[in-house]
Amino acid sequence: MLAVLTLAHGRHDHLRAQVAGLAAGVRRPDLHVVVAMDDPAVAQVAHRAWRAAGDPVPVLVEPLAADPLGLPLAAARNAAARVATAAGADRLVFLDVDCIPGPTTLTTYARHLHPSPSRPSPAVLGADVAYLPPRQPGCGGWEHQLHRLAEVGVHRPDRVRPAPGETRAEPDLTRFWSLSFALTAADFARTGGFCPLFVGYGGEDTDFAQVVGSLGGSLTWVGARRHTTSTTPPGRRRSTMSRRWCATPASSPTGGGGGRCWGGWSSCASAVSRLPTATGDGR
């Protein structure tokens, strides 16, 4: 079972657009798990969006309390994985709520979510994203303009973008980011998940990637015929570390957190290793 995992706090229009993209894909998810971070309205938005798309897939909405320091994204991803795994999912695709998947996004991820000697476990897959221009007033949401996404989306020149059908191993795990990525439930459980001591964007990505590397794992970029498109401008992504589990001081490789303490990932990984262990080979 392949599950799409989304975190949401506000951004209801973005969630509707994401559901429209998922519903229009060559392959739909078997399950959509949405974690509502301090936003009870998310459940109604998600269910209505799938009903509007026709032939809805099962949707599970998990509420999560707010954190006074910021959005608890790391804890929310862990909660989403826990809910999806408990429901029987063995393959997990994490999509930022700002991401609208292209027609072959899930097909491409599903094709590569299997054991391979070229992708040591825990094996993380990532996909490039393009950025959409602001919507003009009165033009409606992007869910009504899915056919235009490939035309108007702009890709960052500094990101890895394999051609459709190609994959590219990434030796630098600090390039991982969580806008769009996938792995098996078994591999996610092996990492222990994201460190919940991180609150906000950026730092939890770097931390998670270092755990993957410490376990001998891999990051691979995959190419699809149309890449996942994000409605978020590149400037949103910055390292935010409001809570620390520090061992060795280092500068943030993702930018914006220089001088902070980034070295305690191994301790935090051990602290959050209580996720259920998935079974099966992930195919």
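## Aromatic pairs

Nine aromatic pairs are found in a search of the whole structure (rings of Phe, Tyr and Trp, the last by its six-membered ring, with centres within 6.5 Å; stacked under 30 degrees between planes, edge-to-face over 60, tilted for the rest). The rings of Phe-176 and Phe-181 lie 5.1 Å apart at their centres with planes at 80 degrees, so this pair is edge-to-face. Phe-176 also forms a tilted pair with Phe-208, at 5.7 Å centre to centre and 40 degrees between the planes. Phe-176 is in the loop between strands E9 (167-170) and E10 (180-184) and Phe-208 in helix H7 (residues 203-214), so the pair ties together parts 32 residues apart in sequence. Helices (H or I, at least four residues) and strands (E, at least two) are DSSP runs, numbered from the N terminus.

Phe-176 and Phe-208 are both buried (under 20% relative accessible area, 1.4 Å probe, protein chains only). One aromatic cluster is formed by Phe-94, Phe-176, Phe-181, Phe-188, Phe-194 and Phe-208.

## Sheet

Eight strands make an open sheet with mixed pairing, in the order E3-E2-E1-E4-E10-E6-E11-E9 (strands pair if DSSP finds at least two bridges between them). Strand E3 (59-64) and E9 are at the edges with a single partner strand each, so one side of each has no neighbour in the sheet. Strands E6 (residues 123-126) and E11 (residues 218-222) run parallel and are joined by four bridges; Ala-123 has Ser-218 in E11 as its bridge partner.

## Basis

The model is predicted: local features need pLDDT of at least 70, side-chain atom pairs count only at pLDDT 80 or more, and totals for chains, interfaces and linings use all residues. Residues are numbered from 1 along each chain as its sequence is written, and side-chain values use heavy atoms, leaving out hydrogens and water.

Methods: Buried < 20%, exposed > 50% of the residue type's maximum accessible area, 1.4 Å probe, protein only.
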